[in-house]
Amino acid sequence: MANFILRWANRSQSTQDWMVDVPDQFTLAPDYVRTVNVTLNNDYTFQIAVSTEGGFAAATLNYHHGSGNWTLHSNTPNEWRLSTGNGYVTVACMLEDVYVGRNRLEYFAARPEADIASTKDGYPAYQLYQDDTGTIYCTPTKVKSHQVGAMWIKACLAAHPGTSCDGKPWISEDQEGVIWP
């Protein structure tokens, strides 16, 4: 029989939700540790999952009874650290919150570009562009040609001084973003 003190440690600046096998679920604040005493009589594997705001990491902690060694395996190895010694086994997770852009991801339903292109040149369609602040502007009505769309973009940029077009403008069958004017 081998007795160990397992330590699950949050080594990030984010609150982490842990699940170690079923049903051990708990939340660890930054720099907090959860400790449990275990007795192992043979090889054993702990399945570990950790999530933060927008982040997820998983690992397996294996005890090899014959050699008395511990190993940690994960597809996200930079998020984990294993240390052992004097009957202590510490699994530390460094997973932080994940923020994409300024806001959460937003998804919009729209007709695929291939459907728009199936007409002669895609027009009539709504003209759109994104400025350097991340704002998407859209025409109030469908424009009939590329030239009309280009004139609308110039007028919209003039009405919003200090901004510029970020990337290539596009057309769509659907309106989204700020409808101007």
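1. A friendly start with the charged pairs: the structure holds two salt bridges, a salt bridge being a side-chain nitrogen of Lys or Arg within 4 Å of a carboxyl oxygen of Asp or Glu. This is a predicted model, in which local features need pLDDT of at least 70 and side-chain atom pairs count only at pLDDT 80 or more, while totals for chains, interfaces and linings use all residues. Residues are numbered from 1 along each chain as its sequence is written, and side-chain values use heavy atoms, with hydrogens and water left out.

2. Asp24 pairs with Arg34, their closest N and O atoms being 3.0 Å apart. Strands (E, at least two residues) and helices (H or I, at least four) are DSSP runs, numbered from the N terminus. Asp24 is partly exposed at 24% relative accessibility, and Arg34 is partly exposed at 33%; buried means under 20% relative accessible area, exposed over 50%, and partly exposed in between (1.4 Å probe, protein chains only).

3. In the other salt bridge, Lys142 meets Glu173, with the closest N and O atoms 2.9 Å apart. Lys142 sits in the loop between β11 (136-138) and α2 (146-159), and Glu173 in the loop between β12 (170-172) and β13 (178-179), 31 residues apart.

4. Now to the sheet: four strands form an open sheet in the order β4-β1-β9-β8, with mixed pairing, where strands pair if DSSP finds at least two bridges between them. Its edge strands are β4 (33-40) and β8.

5. Strands β8 (residues 80-85) and β9 (residues 88-93) run antiparallel and are joined by six bridges.
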